[in-house]
Every structure is written in structure tokens, then in C-alpha cells.
Amino acid sequence: MAGEARNITLQIKNVRKTFTGRTGEVIALNGVDLDIYENEFICVVGPSGCGKSTLLNIIAGLTEPTSGEVYCHGKLITGTGTERGVVFQQYALFPWLTVKKNVRFALEMKGIKGQEADELAMKYLEKVDLAKFADHYPKELSGGMKQRVAIARAYAADPEVLLMDEPFGALDAQTRTQLQSELLETWEKDQKTCFFITHDVDEAIILATKVIIMSARPGRIKEIVDIDIPYPRNQETKMTPRFLELKNKIWGEVYKEYLEVRK
């Protein structure tokens with residue numbers, strides 16, 4: 001669990017990312033250093049435009065840093081890889097494939113086919129309580145159900161690291177709360193290393209072992225907050241004195257950075 005000594009899964013070393021816009025160079029990330037240990041659940045918060053998604057895309061291998069390096073288990077990341085699974089806010093499902101075949105796709109990318117792929121796909125759909133919708137198409141599902149399929153597909157690839165970019169951001173409050181609980185249950189069982197971006201401080205605290213607070217652009221790590229609330233956590237956890245204390249602390253720091261953006 002979170003307090004035990006573990007190996008480093010991800011090393012982010014002095015990562016800098018710049019983009020060229022119409023008004024010149026824009027610095028999205030300015031020297032990010034971070035070690036993420038196996039089985040940690042990291043949530044990243046910060047004002048819009050602080051580079052959260054850019055950092056996730058660099059870890060995923062979808063974007064190259066302008067300078068600096070990211071390592072996964074000591075290996076330099078130079079592109080995408082099956083050891084890193086990604087879930088975005090938009091569901092990114094194949095509309096022409098059934099739910100089961102969407103999950104099977106991740107398995108087939110690993111060379112698993114036939115009956116074994118079918119059985120494993122159903123196993124992961126059972127994890128997210130969608131086995132009875134295996135033969136449905138994405139257009140027949142609600143938003144929350146689509147996101148469950150995306151999470152099942154990411155888990156089916158059996159990545160060492162699960163990268164999630166505001167996966168519940170487009171969902172209603174009730175569905176979001178339900179999926180938070182389901183994700184926590186799955187994480188406690190499987191103990192994947194998770195890197196989760198959110199704008200919701202409550203969500204960050206209920207999920208994370210550590211919360212990373214990013215500064216206003218140019219993005220850098222302003223503070224790392226250990227979330228010392230024991231698991232399992234649920235919605236009642238949000239009413240405890242320690243949760244409220246952490247919420248006030250983290251939200252206060254995020255708000256300071258938001259005010260920097262407004263200047």
C-alpha cells in the first residue's frame with residue numbers, strides 16, 4: 001500500500017515543453033521533476049493552461065518534451081507503449097465495434113486472440129459491471145457506461161501505468177461519484193500506478209495517495225501533498241475533519257495560481 005517502500009515506476013527529469021504560437025514561444029512546462037512509485041495514485045490539479053495534459057501526453061509518449069526525459073522503470077520513453085494505458089475525457093471508443101470487441105482490441109494488440117481474448121474481455125467487462133452489455137454498440141450506451149468501457153479496455157491491456165486525463169469530467173455528479181468509487185475499488189485490488197488529472201479538488205483527495213499542485217503557466221510543480229486518509233474511502237470521507245483540512249489547503253494553493261492566470 002501507499003506507505004510501503006516501493007520501486008520507482010516513472011521518473012520525470014527536468015521536463016520542459018514549449019509551443020510556437022502566433023505571438024511567439026509559449027512555455028507550457030518549465031522544468032518538471034517528479035518520481036512516481038509503483039502502486040501510487042497520483043492526482044494532478046492546477047489552473048487551466050498549467051500544462052497538466054501536456055505532461056500526461058509526454059508520459060504517454062504522444063508528445064515529445066522540448067528538453068528533459070521521462071523514464072518508465074528505467075527505460076527512456078520515446079513513444080507510446082503497452083506498459084502505459086491512457087483514458088481520456090472523450091471516450092475514444094470505436095463506434096463500429098461492440099463493447100466486447102472494443103475491449104478485445106486492447107488484447108489483440110498484445111497478441112491475445114480467439115477464445116482467450118473473448119474470455120478476458122468478458123472478465124474486464126465484469127470488473128466494470130458491463131458484461132450484459134457486451135454485444136451493444138457505443139451509441140447505445142450512456143456517457144458513464146462508455147467511460148466504463150474505456151477503463152475496461154485500458155485495464156485489459158494490463159499496463160504498468162494508467163494515465164487518466166479528466167476521465168469523469170464530462171459526466172453528471174452522480175455518475176462521476178459512482179465511477180470514482182468503482183475506480184478506487186479496482187485500484188485497491190490491482191494496485192496499478194495511476195496518474196490522474198482533474199480540476200476537482202474533492203475528486204483528487206478522495207482518490208489519491210498524493211496530490212500534485214501545478215503552478216500557473218509556465219507549468220511547474222508547486223507542491224506535493226500527501227493524502228494521509230486511510231483507504232477504503234467513500235463519500236462519507238468527504239465530511240471528515242482531515243478531508244476538509246486537506247481540501248482547504250489544496251484549494252487555497254490552486255486558487256492562488258488561478259489568480260496568477262487572471263493577472
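View 1. Thr98 sits in the loop linking strand S6 (84-87) and helix H2 (99-109); helices (H or I, at least four residues) and strands (E, at least two) are DSSP runs, numbered from the N terminus. Neighbours within four places in sequence aside, Thr98 touches Ala134, Asp135, His136 and Tyr137, where contact means heavy atoms within 4.5 Å. This is a predicted model: local features need pLDDT of at least 70, side-chain atom pairs count only at pLDDT 80 or more, and totals for chains, interfaces and linings use all residues. Residues are numbered from 1 along each chain as its sequence is written, and side-chain values use heavy atoms, leaving out hydrogens and water.

**View 2. The open six-stranded sheet**. Its order is S6-S7-S8-S3-S9-S10, with mixed pairing (strands pair if DSSP finds at least two bridges between them). S6 and strand S10 (221-226) each have a single partner strand, so one side of each has no neighbour in the sheet.

**View 3. Glu182 and Arg148 in a salt bridge**. Their side chains meet at 2.9 Å, N to O; a salt bridge puts a side-chain nitrogen of Lys or Arg within 4 Å of a carboxyl oxygen of Asp or Glu. Glu182 belongs to helix H5 (residues 173-190) and Arg148 to helix H4 (residues 143-156), so the pair ties together parts 34 residues apart in sequence. Arg148 is buried at 9%, while Glu182 is partly exposed at 22%.

How values were computed: Buried < 20%, exposed > 50% of the residue type's maximum accessible area, 1.4 Å probe, protein only.
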